Amino acid sequence: MMKIEWDESYVVGVELFDEHHKKLLGLINELHSAIGLGEDKAKLEYFLSSFLDYAFYHFALEEHFMKEVSYADYESHKKEHDRFVSKIHDFHSVLKDGSPDILKGLSEYILNWWNDHILVTDKKYTSFFKGKTICFTFS
């Protein structure tokens with residue numbers, strides 16, 4: 001798996017989310033590198049857990065902001081996040097059980113998700129969020 005380079009096509013126009021996406025891309029690249037180097041299962045689990053933890057954090061903030069600004073496509077967007085997290089949990093469980101055969105499928109899944117979710121789904125909110133201020137008030 002080749003390293004995915006950040007470029008302007010990934011910019012969604014919300015600075016915080018663009019920074020999150022850069023971090024997620026870095027974690028994806030670390031995971032793919034670990035897979036390519038044949039790292040041991042413990043390291044692969046660590047990289048996958050780190051990626052999943054950060055994705056969960058990002059999704060929670062993105063969804064919170066969507067609700068705050070009444071983003072019309074919120075439910076559909078959240079379902080995509082939920083499906084992704086569930087699928088990554090499935091990969092993680094299989095990896096924990098000792099099956100490294102899933103690594104190629106994991107790499108392909110994450111790459112496809114990255115391109116579909118960032119370049120299509122997240123791009124849908126670019127114009128809607130333009131000019132809106134992010135204010136996170138958790139209760």
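His-21 is buried, with a relative accessible area of 0% (buried means under 20% relative accessible area, exposed over 50%, and partly exposed in between, with a 1.4 Å probe and protein chains only). The model is predicted, and local features need pLDDT of at least 70, side-chain atom pairs count only at pLDDT 80 or more, and totals for chains, interfaces and linings use all residues. Residues are numbered from 1 along each chain as its sequence is written, and side-chain values use heavy atoms, with hydrogens and water left out.

His-21 lies in helix H1 (helices are DSSP runs of H or I with at least four residues, strands are runs of E with at least two, and both are numbered from the N terminus). Not counting residues up to four places away in sequence, His-21 touches Trp-6, Tyr-10, Val-12, His-58, Glu-62, Trp-114, Ile-118, Asp-122 and Tyr-125, where contact means heavy atoms within 4.5 Å. For one of these residues, Ile-118, the C-alpha to C-alpha distance from His-21 is 8.2 Å, at a sequence separation of 97 residues. The side chains of His-21 and Asp-122 form a polar contact of 3.0 Å. A polar contact is a pair of N or O atoms within 3.5 Å; within protein, one must be able to donate a hydrogen and the other to accept it, and residues adjacent in sequence count only if both atoms are side-chain atoms.

The side chain of His-21 is also joined to that of His-58 by a polar contact of 3.1 Å. His-58 is placed in helix H2 and counts as buried because its relative accessibility is 1%. Its contacts, leaving aside residues up to four places away in sequence, are Phe-17, His-20, His-21 and Leu-24. His-58 and Lys-23 are separated by 35 residues in sequence and by 9.8 Å between C-alpha atoms.

Two packed helices are described by the angle between their axes and the distance between the axes. Axes are lines fitted to C-alpha atoms, for helices over the stretch in contact, and angles run from 0 to 180 degrees between N-to-C directions. Helix H1 (residues 15-36) packs with H2 at an angle of about 160 degrees, and the two axes are 9 Å apart. H1 is therefore roughly antiparallel to H2 (angles under 35 degrees count as roughly parallel, over 145 as roughly antiparallel, 65 to 115 as roughly perpendicular and the rest as oblique). H1 and H2 cross in a left-handed sense; a crossing is left-handed if the near helix is turned anticlockwise from the far one by less than a right angle, and right-handed if clockwise. On the H1 side the contact includes Phe-17, His-20, His-21 and Leu-24, and on the H2 side it includes Phe-51, Tyr-54, His-58 and Glu-62. By class, the contact of H1 with H2 has 16 nonpolar, four polar and three charged residues. Here Ala, Val, Leu, Ile, Met, Phe, Trp, Tyr, Cys and Pro count as nonpolar, Asp, Glu, Lys and Arg as charged, and the others, Gly among them, as polar.

H2 also packs with H3, with axes that come within 10 Å and cross at roughly 170 degrees. This angle makes H2 roughly antiparallel to H3, and the crossing is left-handed. The contact of H2 with H3 has 13 nonpolar, five polar and seven charged residues.

For helix H2 (residues 41-68) and helix H4 (residues 103-121), the axes come within 14 Å and cross at roughly 20 degrees. H2 is therefore roughly parallel to H4, and H2 passes H4 in a left-handed crossing. Leu-44, Leu-48, Phe-51, Phe-59 and Glu-62 of H2 make the contact with Leu-103, Leu-106, Ile-110, Trp-113 and His-117 of H4. This contact has eight nonpolar, one polar and one charged residues.

Other residues were examined individually. Asn-115 is placed in helix H4 and counts as partly exposed because its relative accessibility is 29%. Asn-115 touches Tyr-10 and Val-120, not counting residues up to four places away in sequence. Tyr-46, found in helix H2, counts as exposed at 54% relative accessibility. Ser-70 is in the loop between H2 and helix H3 (74-96). Ser-70 is not a glycine, although it has a positive phi of about 55 degrees. At 57% relative accessibility, Ser-70 counts as exposed.
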